Amino acid sequence: MFAPVTHILPLTIFQRRRVLPAPGRVVVRKGQKVNPLDVVAETNRNPEHLLLDLAHGLGVPPERCERFMRCEVGAEVSEGDILAGPVGFAKRVFRSPRDGRVIQIRGGQTLLEVRGQPFELKAGLPGVVVELIEDRGVVIEASGSVVQAVWGNGRIDSGILAVIAGSPDELLATQRLDVRLRGAIALAAYCRDAAPLKAAADLPLRGLILASMEARLCPLANESPFPLVVTEGFGRIPMNSIAYKLLSTNEGREVAVNAEAWQRSSGSRPEVVIPLPTSGEITIPKDSATFSTGAVVRALRAPYAGMVGTLVGVQPGLVRLPNGLLTQAAAVRLEDGVEAIIPLANLELIQ
Amino acid sequence: MRSSQAEAGSLLAIDVGSVNTRAWLFEVVDGRYRFVASGQAPTTADAPYNNVGEGVRIALDRLQTATGHLLMDANDRLIVPSRPDGAGVDAAVATLSAGAPLNVAVIGLLDDVSLASIQRLASGTYAQVVERISLSDRRKPEARLDALLRLRPNVVLVAGGTDGGATQSVHKLLEVVGLLLMLLPEGDRPEILYVGNQALQGGLKDALGRYGHLHFAPNVRPQLDVEQLEPAQMALAHIFRQIRLRRLPGLLDLDSWSGGGLKPSALAYGRVIRFLSTMYDSAKGVLGVDIGASSTVMAAAFSGELLLGVYPEYGLGPSLVTLLERCQVKDLQRWLTIELSEDDLRNYLANKSLYPGTIPVSMEELAIEGALARQLMQLALRKLATDYYPRLTHKGTGLLPGFEPIVASGSVLSQAPSLAGCLLMLLDGLQPTGVTTLVLDTHQITPALGAAAQTNPVLSIQVLESNAFTNLGTVISPVGEARPGTPILRVRMTQEGGQEIRLDVKQGTIEVLPLPVGQPGRLQLRPLHRYDVGLGGAGRGGSLRVVGGALGVIIDARGRPLRLPVEIARRRELYKRWMRVLSG
């Protein structure tokens, strides 16, 4: 059976597609090294237009307006530039109210596209641009450790990793967020309250990696000025041991956190990247796989949510669960030694 | 090449859902079409596969294994039509609900006329309305344009003016559409479906035709007091298909196997409900409910007229994370028989939306899923009733009018551990009134039958009449007011062999009259205290023929609307009692 895959890899080479939501302009070149906050492409995601009533402004009938035009469709104009006129004894003119570009001249009206704040697409990770996607974005290749998460608040940043969680499910306390963490990317475990998030924003942190948090904190997390990612889910779920070990043993290293939302169609997920040079054994991640004996799996739901284990074998036929449902299931030896029967639908591969 | 479906001895139906891809095989057995077997696999529309073909192939492979019937050739392509050696199938149909809902902008003249109609039109498919423009819109034209540019809708629905009516105002509204098409690059241009004053079609083609993407269908409001959505629904289904074919790799094969007949699952589902409404009691309608991961579909049909609502916001999957923006925590908690804090409920919804394909393991989690199913049915029904007010309200009370039958689909129902649990979910979620038969789509084949019906109606009819569906039972739901424990209904059931059962039903109870599956019986109902059992008004009783369902004949006298105790312990007690009664 097809298995969903989450990548938690100590050392790998991987690529990420970074694509604008609308056609725009790629501002980097192939082969260029980039950092997470570098802008790789930009577009005008929030277009603004002005419909200018030239006929009314000049005091002429619409059908006579075009003869007084002083610019053509496609022309770039600046604020104050004369668009039409002069007309009559009073020498009336119509000036452009803003910088922009003339899109249309028709029926005594002119449509002006106004230059607004561009949307900037950031690299999201440190790496090298290996491919340019015309008008849309880039493909960046990087090497290092990767820990994919399940939820993020949309921000991107990088900094030095500081481990403040003494265990994979430790409650994040405000007191742990002291001034020494200013500018750091903090690895915590479980966040139950709003206070630590507010304290983190006040410090400020450069990023926060959580195992889990209460879902009611999502609106506050979305407002946090730093990237915040959740690796396991909502409620009190310990960080899976593989991710916890990988991250906690890299304290002091530079890490990049891309907290952009999980996009099922493209597969892009919030993630933590620890840039490392490639030497020694490298695992190239596979994006698709099937459940097989010996595979490392993680349970996605209670009662074993977040726990990692080894797949012992897929059970023949259908298994009846405690609640009476019938489903395909597998025997999994969890890291605490317990062998549990878990629905295949509630498992994913860790690679 | 596609053989005539009408002559087909075998038919394969494939549905690509947001979580699961299913394949069903129908064959002629003893001279009649029968559902034979099904295969299922996870849908592979998203990364890393980004090709629905993978999931289709595995579903077909499982169907092959289950039936021993070779369906695919050496290149994993469906063999259609069937070969002389029996491999393959004579015909295939395909339906689809996978993919993000279409972003739709609606533009109409009057809010409560054309705009309301095209909003109902948009609600009939997998769509979310992201922008509304009408004459009452106070924004400047450029502000409307910028809103559309920002949202980049996949489809723009435009209506306005009765045939022979307003033209100038519609022209004015359409200016923003022209600018939108001009400004957007080819690949980002929306499909435009014009369903307004037909006199404007020629002018529209001249003005906008050069951009392509222009579609026409008959006016949804040919006259002020007449609404006709069906032709526009077909046109929108065609657009849906086009967009999905462009965006979901692997669908071309499916579409080709079905002879270009790929359909939205909900539309196919609605077709069955509409067909049933022409077969049954014309005084009542037929109701269909399909609870899926991507949406809940509500379909009500009256004598061939379909009212269809597709609600992506009420799916049991990714949209759950926003459920508490549409209802209150207590609306969900009222269905629970376990203690569940608001935090735990929010966490459950958020986790389920992250992993929509996961399933509950414990009794507690099953109870939560049951509560969600009930609340989603309530919300979807309320939305359909609002969209089509006052068609879907029992004498203006806000209660459901009488339907016969009610067809229910969705894994949360068909895979419930017991039929009693499934029935209770439906009774709570839908709260039918009067007399109705509840039918469970055990194998989730309703959309497949709807897709097949277009060219092979005989197959659909014969399978509907077969035992592919589970008759849960005839349910009598009296409506009235009395204190709990008060006798409100006298019942006498006479079976074929003359055995008689008499019962006085008390307010607040569920009772079951045992009647074996398929066995006929005669039911006499005498309501007390002016209760209405749907036989002609308050206090009116009568006699009716019933057929035994899987759970017999059920009387749900818990009241309408259903008011459950606030105390969890009391609620738990009641549900245990009701489950005991229903389980026999």
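Predicted model: local features only at pLDDT ≥ 70, side-chain atom pairs only at ≥ 80, totals over all residues.
Chain A is divided into three parts: domain 1 (2–43 + 121–275), domain 2 (48–114) and domain 3 (291–350). The C-alpha centres of domain 2 of chain A and domain 3 of chain A lie 69 Å apart. Chain B is likewise divided, into domain 1 (5–98), domain 2 (102–247) and domain 3 (266–479 + 508–513 + 553–566). Here the C-alpha centres of domain 1 of chain B and domain 2 of chain B are separated by 36 Å.

The two chains touch. On chain B, 38 residues are in contact with 38 residues of chain A. Four helices of chain B each supply at least two residues of the side that touches chain A: H3 (141–151), H4 (168–183), H10 (342–354) and H11 (363–387). H10(B) gives the most, with 7 residues. By type, the residues on this side of chain B divide into 19 nonpolar, 11 charged and 8 polar.

Chain B also holds an open sheet of 5 strands. The strand order is E6-E5-E7-E8-E9, and the pairing is parallel. Strands E6 (127–133) and E9 (214–216) of chain B stand at the edges. Each has a single partner strand, so one side of each is left without a neighbour in the sheet. From one strand to the next, the twist averages 25°. Strand E5 (residues 102–107) of chain B pairs with E6(B) over 6 bridges, in the parallel sense. Within this pair, B:Ala105 stands opposite B:Glu131 in E6(B).

Two helices pack on the sheet. H4(B) touches E5, E6, E7 (155–158) and E8 (191–194) of chain B. The direction of H4(B) makes about 165° with that of E7(B). Helix H5 (residues 201–208) of chain B touches E8 and E9 of chain B. The direction of H5(B) makes about 170° with that of E9(B).

In soluble globular proteins, nonpolar side chains tend to be buried together. The largest nonpolar core of this model has 281 residues. Those with the most contacts inside this core are A:Ala188, A:Ile209, A:Leu210, B:Leu11, B:Ala92, B:Leu157 and B:Leu423. H11(B) gives the most to the core, with 13 residues. A:Ile209 shows the surroundings of one such residue. Leaving aside residues up to four places away in sequence, A:Ile209 touches A:Ile185, A:Ala186, A:Leu187, A:Ala188, A:Val229, A:Leu247, A:Val257 and A:Val272.

Key:
Residues numbered from 1 in each chain as written. Chains lettered and ligands numbered in written order. Contact = placed C-beta atoms within 7 Å. Nonpolar A, V, L, I, M, F, W, Y, C, P; charged D, E, K, R; others polar. Domains from an automatic or database assignment. Pairing = 2+ DSSP bridges. Axes fitted to C-alpha atoms, helices over the stretch in contact; angles between N-to-C directions. Core = buried A, V, L, I, M, F, W, Y, C linked by C-beta atoms within 7 Å. Buried ≥ 20, exposed ≤ 12 C-beta atoms within 10 Å, placed from the backbone.
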